[in-house]
Amino acid sequence: MTLEGDIAQIKTQEEKLRFAKFDEADAWALGSLIREMSAARKLPMVVDIRVAGRALFLAALPGASPDNAEWARRKINTVMRYHKSTYRINREITLSGQKLDESRGVSPLDIAAAGGGFPVHIIGTGVVGAMAVSGIPQREDHNLAVEALCQFLGVDPAGMALGPESA
């Protein structure tokens, strides 16, 4: 997929993968689903779900490093600042040729434009939180998050995942 194609597809994902409601039980169920998917695939993941800065689910699987937890934290900060998935921000930044750094008023120590962060958007309310996964290459992190959200929300996953990246 091209950068433009990625951006268009991610916008579609963000529109379709919204919640009617989201509470502690939903965070636990979604986080547990991602954890189980990751464990079954033997992925070294960190899964972090937060609403209004409050941790509702946090898990680290075998092979995950402390750095993965930091990446997840930075991805959540990015979602909460821009109300977009982190991979969409990555693709937009790459397309523009700019950087996500102090020149844009953010610190790379607190923000990460790397795939795997996704908004928790409640229909009729807006973005109230974020989820992040970290542990595999960023495009795969993003696709794992989308796959889990599709399953959790009952959205048909056909055509939702990003295809291979264009050279």
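**Entry 1: a ring cluster**

I looked up which residues the ring pairs join, and found Phe19, Phe22 and Phe152 linked into a cluster. I note that the model is predicted.

I then counted the aromatic pairs in the structure, and there are 3. One of them is Phe19 with Phe152, a tilted pair with 6.1 Å from centre to centre and 55° between the planes. I checked where the two partners sit. Phe19 is in the loop between helix 1 (3-16) and helix 2 (24-40), while Phe152 belongs to helix 5 (residues 138-153). They are 133 residues apart, and the pair links distant parts of the chain.

Phe152 is at 25% relative accessibility and counts as partly exposed.

**Entry 2: Trp28 and Phe57**

I went on to another aromatic pair, Trp28 with Phe57, which is edge-to-face. Their ring centres are 5.3 Å apart, and the angle between the planes is 65°. I call the pair edge-to-face because planes over 60 degrees apart fall into that class. Trp28 lies in helix 2 and Phe57 in strand 2 (residues 54-60), 29 residues apart, and this pair too links distant parts of the chain.

I looked up accessibility for both. Trp28 counts as exposed at 56%, whereas Phe57 counts as buried at 5%.

**Entry 3: a charge over a ring**

I looked at what lies over the face of Trp71, and found Arg74 there, at 4.4 Å from the ring centre.

**Entry 4: Lys75**

I located Lys75 in helix 3 (residues 66-82).

What does the side chain of Lys75 reach? I found the backbone oxygen of Val133, at 2.9 Å. I also listed residues in contact with Lys75, leaving aside neighbours within four places in sequence. Among them are Thr86, Ala112, Gly116, Ser134 and Asp141, and Val133 is on the list as well.

**Entry 5: Gly163**

I placed Gly163 in the segment after helix 5. Gly163 is partly exposed, with a relative accessible area of 24%.

Which residues does Gly163 touch, not counting those up to four places away in sequence? I found Met1 and Arg139. For Arg139 I looked up the C-alpha separation from Gly163 too, and it is 9.3 Å, with the two residues 24 apart along the chain.

Key:
Residues are numbered from 1 along each chain as its sequence is written. This is a predicted model: local features need pLDDT of at least 70, side-chain atom pairs count only at pLDDT 80 or more; totals for chains, interfaces and linings use all residues. Side-chain values use heavy atoms; hydrogens and water are left out. Rings of Phe, Tyr and Trp (its six-membered ring) pair if their centres lie within 6.5 Å; planes under 30 degrees apart count as stacked, over 60 as edge-to-face and the rest as tilted. Helices (H or I, at least four residues) and strands (E, at least two) are DSSP runs, numbered from the N terminus. Buried means under 20% relative accessible area, exposed over 50%, partly exposed in between (1.4 Å probe, protein chains only). A charge sits over a ring if NZ of Lys or CZ of Arg is within 6 Å of the ring centre and within 35 degrees of the ring normal. Contact means heavy atoms within 4.5 Å. A polar contact is a pair of N or O atoms within 3.5 Å; within protein, one must be able to donate a hydrogen and the other to accept it, and residues adjacent in sequence count only if both atoms are side-chain atoms.
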